[in-house]
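Hi,

Here's the structure I promised to pass along.

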Amino acid sequence: MNAHEIDYHIYGEEMQYVEIELDPQEAVVAEAGSFMMMDTDIKMDTIFGDGSNQETGVLGKLFSAGKRLLTGESLFMTAFLNVGQGKKQVSFASPYPGKIIPIDLSEKGGKFICQKDAFLCAAKGVSIGIEFSKRLGRGLFGGEGFIMQKLEGDGMAFVHAGGTMAKKVLAPGEVLKVDTGCIVGFSHTVDYDIEFVGGIRNTVFGGEGLFFATLRGPGTVYIQSLPFSRLAGRVWAAAPKGGGKDKGEGSILGGLGDLLDGDNRF
């Protein structure tokens, strides 16, 4: 399986987007909702699954789409094909503040494991499937890290990390303990498991969850400082409840403080 060879450039600092350059008849596949802009002569088409098994007929297409359905993603992806004569550009934006990470699968042994909502786009020919857990602990307690996506092939793929991204290169046998939601992805050589935090005080009062992930080298691990679930939880907690009134966070004067600050909404 040979994926299309694509060139790219990543722009921005905190709200990044990736511009992909397509030669004639080259294509890229992306998650629905990540498209930003494109040149003329690029044809946009909705496809079943990831487009890597289109030659296998209806059953191949259904199997490819079914794998995505199990991860909670849409049955469909969008393919962008350059049908013109010269080089054309198409751009995809990150869904929230963070970093876009380019992954060259040919340098990762043809396989990369990532969080199920981290994938942004990839060269057509890259297979986007699911990485089932073979261990009971992961399946029962993995939370966000239970079902991971696997990217397979020899082309470029792009994943998104929320907040600040940390890249850790683990030596053989080296272990890194991570909050399950903070994992972006890792090399297929990394062994991944779930571990109980332990301790009654940690369990009851820690506020960090009962389990964390243990990643054992060798391999490369990408960590995000702000997973979307954490961001959404903070926004939801701070959102006004019951009639639209907030709790006056940030000021000991509460609503009076808002009035003095210039927020005159009642």
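**Notes on the salt bridges**

Lysine 87 is partly exposed, with 46% relative accessible area. Keep in mind that this is a predicted model.

The lysine 87 side chain meets that of glutamate 21 in a salt bridge, 3.8 Å from N to O. The two sit 66 residues apart, with glutamate 21 in strand 2 and lysine 87 in the loop between strand 6 (76-82) and strand 7 (88-93), so the pair links distant parts of the chain. Glutamate 21 is partly exposed too, at 25%. There's also a network of salt bridges here, linking Glu21, Asp23 and Lys87.

The structure has four salt bridges in total. Another of them joins lysine 88 and aspartate 41 through their side chains (3.7 Å, N to O). That pair spans 47 residues, from lysine 88 in strand 7 to aspartate 41 in the loop between strand 4 (35-38) and strand 5 (42-48). Lysine 88 counts as buried because its relative accessibility is 17%, under the 20% cut-off; aspartate 41, at 36%, is partly exposed.

Then there's glutamate 13 with lysine 99, a salt bridge of 3.9 Å, N to O. Those two are 86 residues apart: glutamate 13 is in the loop between strand 1 (7-11) and strand 2 (17-22), and lysine 99 is in strand 8 (residues 98-104). Glutamate 13 is exposed at 57%, while lysine 99 is partly exposed at 21%.

Cheers

Notes. Residues numbered from 1 in each chain as written. Predicted model: local features only at pLDDT ≥ 70, side-chain atom pairs only at ≥ 80, totals over all residues. Heavy atoms only, no water. Helix = DSSP H or I, 4+ residues; strand = E, 2+ residues; numbered from the N terminus. Buried < 20%, exposed > 50% of the residue type's maximum accessible area, 1.4 Å probe, protein only.
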